Amino acid sequence: MTSTLPNSPPFPSIMQEVSQQVYPLSTLYVVATPIGNTGDITLRALNVLSIADAIACEDTRNTAHLLGRYGLSKELIAAHEHNEREAAEKLVSRLQAGQRIALVSDAGTPAVSDPGARIVDAVRAAGLRVMPLPGASAAVTALSAGGLLHERFYFVGFLPAKAKQREQSLQELLGVTATLVFYEAPHRIAETAAALAKVLGPDRQVVFARELTKLFEEIHRCPLQDASAWVTANANREKGEYVLLVEGAAGASSADDAETDRILSVLLAELPVKQAAALAAQISGKKKNALYERALQLKQDA
């Protein structure tokens, strides 16, 4: 079965609706931009970029190229990690004069492992408004396709470049039970894969998300013991930006469940299921009904 696009998509009417929304003056607009595919820009982001008095950006050349893809041209203000404090002062002054300023990074959401946090902080400290425009995020994109079953994730960002500091940072994450989310540059991906396996152990699952939304997008999942071999098997895998997802630690809950099973097993050797569950509830503080169900399962498996 094939699908076709409608002959007359309703984009013009939607854009008109977007343009008629309220965009206050003296406001810093934090605008998420695509992480690769230029089609991932939001309609609201396009409208703000078109009406902004100026755009603060990480790299003026990259942003000029991106704007050109959408037929836009704006005054660009460099706001990168080396001048962020100075840029913040200039932007606050312009906002106080009643301008709309858009803040973008080279890709994705500003102030998330990218410059922008100091600017947002300075604008808020000045009593001015900050309005976020949601959009592309490499971390969330990877999580949506990684398939690691956990309700929480822990965003780490970039690990230290030097081996000793990198291993120390990973040691500090050993007990984190949430899915770990890392960003990594291509020239360090092989070293990082080896360090993850060394510190976190060979059995945890890792997801490599490379070049997300781009032509050569690649998403691969394997145990950490196979991570280095996968990276080095193809020279192209040491190219392109990475998001790495690593399965969290087993956590206290697994150990707690094992101890509960041990208690139930000892009691079941001497008592009927109902009595064993009731006594286990007194010992562990857990609910009797849940322990009764678990006791039945242990009895059947024995």
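In this predicted model, residue F155 has V181 in β7 as its bridge partner.

Within it, E184 stands opposite Y242 in β10. Strands of a sheet pair through backbone hydrogen bonds, and the sense can be parallel or antiparallel.

How many of the six residues of β7 are buried? Six of the six are, so the strand is largely enclosed by the rest of the structure. In a regular strand the side chains alternate between the two faces of the sheet. For β7, one side carries T179, V181 and Y183, the other carries L180, F182 and E184, and both faces are covered.

Five strands take part, in the order β3-β2-β4-β1-β5, with parallel pairing. At the edges are β3 (76-78) and β5 (129-133), each of which pairs on one side only. Neighbouring strands of this sheet are turned by 25° against each other on average, with direction ignored. At the β3 end, strand β2 (residues 54-57) is joined to β3 by three bridges, and the two run parallel. One of the residues involved is A56, whose bridge partner in β3 is I77.

The largest pocket holds about 530 Å³ of space. Its lining comprises 22 residues, and those closest to the centre are A107, D114, A138, Y183 and E241. The elements that give two or more residues to this lining are β7 (179-184) and β10 (242-246). Y183, listed among the residues closest to the pocket centre, is also one of the buried residues of β7.

The second largest pocket holds about 260 Å³. Among the residues that line it are P34, I35, N62, H65, R69, D106 and A107. A107 is also named among the residues closest to the centre of the largest pocket.

| Pocket | Space | Nonpolar residues | Polar residues | Charged residues |
|---|---|---|---|---|
| Second largest pocket | about 260 Å³ | four nonpolar | six polar | two charged |

Definitions and conventions. Residues are numbered from 1 along each chain as its sequence is written. This is a predicted model: local features need pLDDT of at least 70, side-chain atom pairs count only at pLDDT 80 or more; totals for chains, interfaces and linings use all residues. Side-chain values use heavy atoms; hydrogens and water are left out. On a 1 Å grid over the protein atoms alone, a cavity is a set of points where a 1.4 Å probe fits but cannot get out, and a pocket is an open set with protein on both sides within 12 Å along at least five of seven lines; lining residues have an atom within 4 Å of a point. Grid points are joined across faces, edges and corners, and a volume is the space filled by probe spheres set on the points. Helices (H or I, at least four residues) and strands (E, at least two) are DSSP runs, numbered from the N terminus. Ala, Val, Leu, Ile, Met, Phe, Trp, Tyr, Cys and Pro count as nonpolar, Asp, Glu, Lys and Arg as charged, and the others, Gly among them, as polar. Buried means under 20% relative accessible area, exposed over 50%, partly exposed in between (1.4 Å probe, protein chains only). Two strands pair if DSSP finds at least two bridges between them. Axes are lines fitted to C-alpha atoms, for helices over the stretch in contact, and angles run from 0 to 180 degrees between N-to-C directions.
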